[in-house]
Amino acid sequence: SGVVFTGAGGSIMLVSLLVPFFISHSVMWGWLFEAALALVAAIIAWPLISSAATQSNRNRTRPEPLARGLVGSLYLLGVAYFLAAIGITPHGLFLTDYLHHDLGVTTAQSSMLFSLIGAGSLLGALASGVIARVLGTPLSLLVNYLLGAVAVAMVLLTTSVMVVSISAFMIGFFLLCCVALSSVRTGELIGSGQHPHYWGILTLGFGLGLAAGSYGLSGLLSLGMDYYDTFVVAQGALIVALLLAGW
């Protein structure tokens, strides 16, 4: 599961390093570069997606009702996962502008610093399986949520570009480690047979968390909040998620 998610971390890192070069010529070239990456991904994924869909249709089964205790555990996991998406939003959307406008870093430098999120995501995805084997999935999730909360706190407590850069790496590690561990934990709770159905629901919840964080925090910025305040909101979301993960 972790190896699968390394693709996301690698692409974040690649785009962050190369986009500044393209947009130095024109913003249009930045969009065209990302469109080209999406096209390459589609070409690679299409035969794999087609064969997977055929196999899934052959083995499709109706999800069985879950025991009440499992429903509660899955609900807590899903809410924590939803809050994780909100918690990463300031780093994902506002970090480069925060570094540029509030800390005086150039646009090119802040974009390249964003690649640290990609590097952290790449390592987090790879490390998730090792951490789960050593600590067990529940404790691994708890430690990972703690790491995410600490990463946001680092932005709140200092204006050091070096510390904020380390925070970016840590939030990237937290992000894809959280995704992989949450997927594994879902399988542990309900079994591999029902995992695709319920993991799909949790993935939808994560997407809703990204939407809520993106639109909500952007709306608050338009009402007079500053970037620092968005990290305060993210800190609150990750602390609550940490408590749910330790329930």
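Okay, let's start with the largest pocket, which holds about 750 Å³ of space. Keep in mind that this is a predicted model.

So who sits around that space? The pocket is lined by 28 residues, and the ones closest to its centre are Ile-12, His-91, Gly-92, Leu-93 and Phe-114.

Next up, a serine. Ser-128 is part of helix 5, which covers residues 115-135. Is Ser-128 buried or exposed? Ser-128 has a relative accessible area of 3%, so it counts as buried. What does its side chain reach? The side chain of Ser-128 gets to the backbone oxygen of Ala-125, at 2.8 Å.

Last topic, the cysteines. How many disulfides does the structure hold? The count is 0. Take Cys-177: it is in no disulfide, and the nearest cysteine sulfur belongs to Cys-178, 7.8 Å away. Cys-178 is in no disulfide either, with the sulfur of Cys-177 as its nearest, at 7.8 Å.

As for accessibility, Cys-177 is at 1% relative accessibility, so it is buried. Cys-178 is buried as well, with a relative accessible area of 1%.

That's it from me, thanks!

Terms used: Residues are numbered from 1 along each chain as its sequence is written. This is a predicted model: local features need pLDDT of at least 70, side-chain atom pairs count only at pLDDT 80 or more; totals for chains, interfaces and linings use all residues. Side-chain values use heavy atoms; hydrogens and water are left out. A disulfide is a pair of cysteine sulfur atoms within 2.5 Å. Buried means under 20% relative accessible area, exposed over 50%, partly exposed in between (1.4 Å probe, protein chains only). Helices (H or I, at least four residues) and strands (E, at least two) are DSSP runs, numbered from the N terminus. A polar contact is a pair of N or O atoms within 3.5 Å; within protein, one must be able to donate a hydrogen and the other to accept it, and residues adjacent in sequence count only if both atoms are side-chain atoms. On a 1 Å grid over the protein atoms alone, a cavity is a set of points where a 1.4 Å probe fits but cannot get out, and a pocket is an open set with protein on both sides within 12 Å along at least five of seven lines; lining residues have an atom within 4 Å of a point. Grid points are joined across faces, edges and corners, and a volume is the space filled by probe spheres set on the points.
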